[in-house]
Amino acid sequence: MLIFKVLSLLLSYPQAEMLDALDEMGEVVDQEPRLSQPCKRSLQALLANYHGVDLLDVQEDYVALFDRGRFLSLHIFEHVHGESRDRGQAMVNLLEMYQSHGFEMDSRELPDYLPLFLEFLSQLPSEQEALQLLQDAMPVLSLLGARLNERGSQFAAIFDALADLAGEPEEIETIRQQAASEGDDETLLNIDAIWEEEAVSFMANTSCNKAQSDSSPINITPREQFTQLRNHSLHGG
């Protein structure tokens with residue numbers, strides 16, 4: 001599924017090679033039958049914004065959006081496990097899944113980095129398996145998309161495309177409520193202190209004993225606030 005490759009590139013730190021491939025990426029978007037026409041138009045608008053830009057400018061904008069806070073972190077398990085030990089084991093399981101499919105990482109990114117995950121999906125021989133793995137991750141990806149929509153970012157088109165491909169999770173309305181009601185990203189206010197405190201290696205902190213794996217290593221359980229927000233809504237609080 002080449003569309004996963006395109007979405008991976010669009011979510012990655014901008015490089016000259018990506019800017020050189022904009023036309024080819026646009027063709028893949030146009031030819032993807034699973035995407036709705038509104039979604040295709042939004043993706044084409046995002047691609048069009050890269051034509052004629054200064055690479056350093058778009059790189060700076062990318063860092064400002066995705067790399068200076070937790071709310072829009074592109075590391076999937078950060079939104080599930082935070083900084084707990086469970087995140088390290090989840091990444092070990094995900095890495096083992098990559099390796100079992102012959103997918104070797106050639107970057108320094110952690111296994112749960114979303115562009116890397118999408119690159120992996122693009123290389124799976126089974127579309128059904130790729131879509132199932134994507135569906136497992138949709139609660140987190142939908143939250144990221146909702147937060148980008150709240151900010152009026154065109155990058156939301158990427159997450160709308162993922163929802164077109166995999167379907168929205170059952171708790172989508174709760175997720176949107178959370179994104180709409182959140183305050184400021186505290187990481188942005190205290191980023192230096194937080195990063196200094198968290199200078200740890202997740203992989204080094206994992207247990208030596210392999211945990212029992214779930215049916216899917218990318219299985220996502222929404223964080224507690226989803227449940228709390230849902231219960232609050234059900235009880236009319």
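User: What makes the contact between Glu 127 and Arg 34 a salt bridge?

Analyst: In this predicted model, the closest N and O atoms of Glu 127 and Arg 34 are 2.3 Å apart, and because a salt bridge requires a side-chain nitrogen of Lys or Arg within 4 Å of a carboxyl oxygen of Asp or Glu, the pair counts as one. Glu 127 lies in helix H9 and Arg 34 in the loop between H3 and helix H4, so the pair ties together parts that are 93 residues apart in sequence.

User: Why is Glu 127 called partly exposed?

Analyst: Its relative accessible area is 39%, and since buried means under 20% and exposed over 50%, Glu 127 falls in between and is therefore partly exposed.

User: How do you know that Glu 32 counts as buried?

Analyst: Glu 32 has 7% relative accessibility, and because buried means under 20%, Glu 32 is placed in that class. Glu 32 also forms a salt bridge with Arg 34, with the closest N and O atoms 2.8 Å apart.

User: What makes Arg 147 and Glu 182 a salt bridge, and where in the chain do they lie?

Analyst: Their side chains meet at 2.5 Å, N to O, and the cut-off is 4 Å, so the pair qualifies. Arg 147 is in helix H9 and Glu 182 in the loop between helix H11 and helix H12, 35 residues apart, so that the pair links distant parts of the chain.

Conventions: Residues numbered from 1 in each chain as written. Predicted model: local features only at pLDDT ≥ 70, side-chain atom pairs only at ≥ 80, totals over all residues. Heavy atoms only, no water. Buried < 20%, exposed > 50% of the residue type's maximum accessible area, 1.4 Å probe, protein only. Helix = DSSP H or I, 4+ residues; strand = E, 2+ residues; numbered from the N terminus.
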